[in-house]
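My entries follow in the order in which I looked things up.

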Amino acid sequence: MSASAILTTRPFAEMAIPLVERGLAVIPCPGDDGKSPLGAISNFHLWKRRPSINTVSDWIFKWGDANIGIITSLSDLTVADVDGGGKDAEEIIRRAGDTPLIVRTPSSGFHLYYRSRGEKSANLRSCGLAVDVRGSSGHVIVPPSFRPSTGVPY
């Protein structure tokens with residue numbers, strides 16, 4: 001992605017509504033690292049329902065340039081965030097099963113998407129895996145978001 005493409009890309013403005021229409025709970029992530037919703041929203045892990053389309057439309061006006069976050073629990077998703085260059089992705093697929101949706105992250109890892117079965121968010125490093133599970137109380141950044149410091153897309 002070129003620098004000029006980064007300057008004209010408005011991830012939240014471009015994709016928030018289509019994602020809401022597909023049943024996903026979206027949040028703007030305007031933080032300097034492109035991952036944090038701080039500055040836009042807080043306490044999303046306590047929410048009981050997805051933001052309304054009217055709320056998301058208001059956020060587009062305020063934070064259209066922000067990256068897009070998906071609240072995993074409210075979207076009925078569990079996402080395995082595989083770091084370390086993605087070396088543990090095959091092990092997660094072996095344990096959790098195949099997934100039709102795999103997204104490369106800017107750090108050369110992967111997000112492996114699964115339909116939620118109520119999994120809790122967890123860090124699997126104590127099991128020897130460079131993986132964070134984003135389940136209840138979690139969120140992930142989704143395309144067409146990008147890392148602001150490098151311009152590398154999801």
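Before turning to the sheet, I noted the rule for pairing: two strands pair if DSSP finds at least two bridges between them. I also noted that the model is predicted.

Entry 1. I asked in which order the strands of the open sheet lie. The order is β1-β2-β8, three strands with antiparallel pairing. I then identified the edge strands as β1 (26-29) and β8 (139-142), since each of them pairs on one side only. Neighbouring strands of this sheet are turned against each other by 40 degrees on average, with direction ignored.

Entry 2. I examined the pairing of β1 with strand β2, which covers residues 67-71. Four bridges link β1 and β2, and the sense is antiparallel. As one example, I looked up Ile-27 and found that its bridge partner in β2 is Gly-69.

Entry 3. Which helix packs on this sheet? I found helix α2, residues 11-21, in contact with β1, β2 and β8. The direction of α2 makes about 30 degrees with that of β2.

Entry 4. I moved on to strand β7, residues 131-134, which pairs with strand β3, residues 77-82. This pairing is antiparallel and has four bridges. Strand β6, residues 122-123, also runs antiparallel to β7 and is joined to it by two bridges.

Entry 5. I asked which residue of β7 is the bridge partner of Asp-81. The partner is Asp-132. I then looked up Asn-123, and its bridge partner in β7 is Asp-132. I therefore recorded Asp-132 as a bridge partner of both Asp-81 and Asn-123, given that β7 pairs under the rule of at least two bridges with its neighbours.

Conventions:
Residues are numbered from 1 along each chain as its sequence is written. This is a predicted model: local features need pLDDT of at least 70, side-chain atom pairs count only at pLDDT 80 or more; totals for chains, interfaces and linings use all residues. Side-chain values use heavy atoms; hydrogens and water are left out. Axes are lines fitted to C-alpha atoms, for helices over the stretch in contact, and angles run from 0 to 180 degrees between N-to-C directions. Contact means heavy atoms within 4.5 Å.
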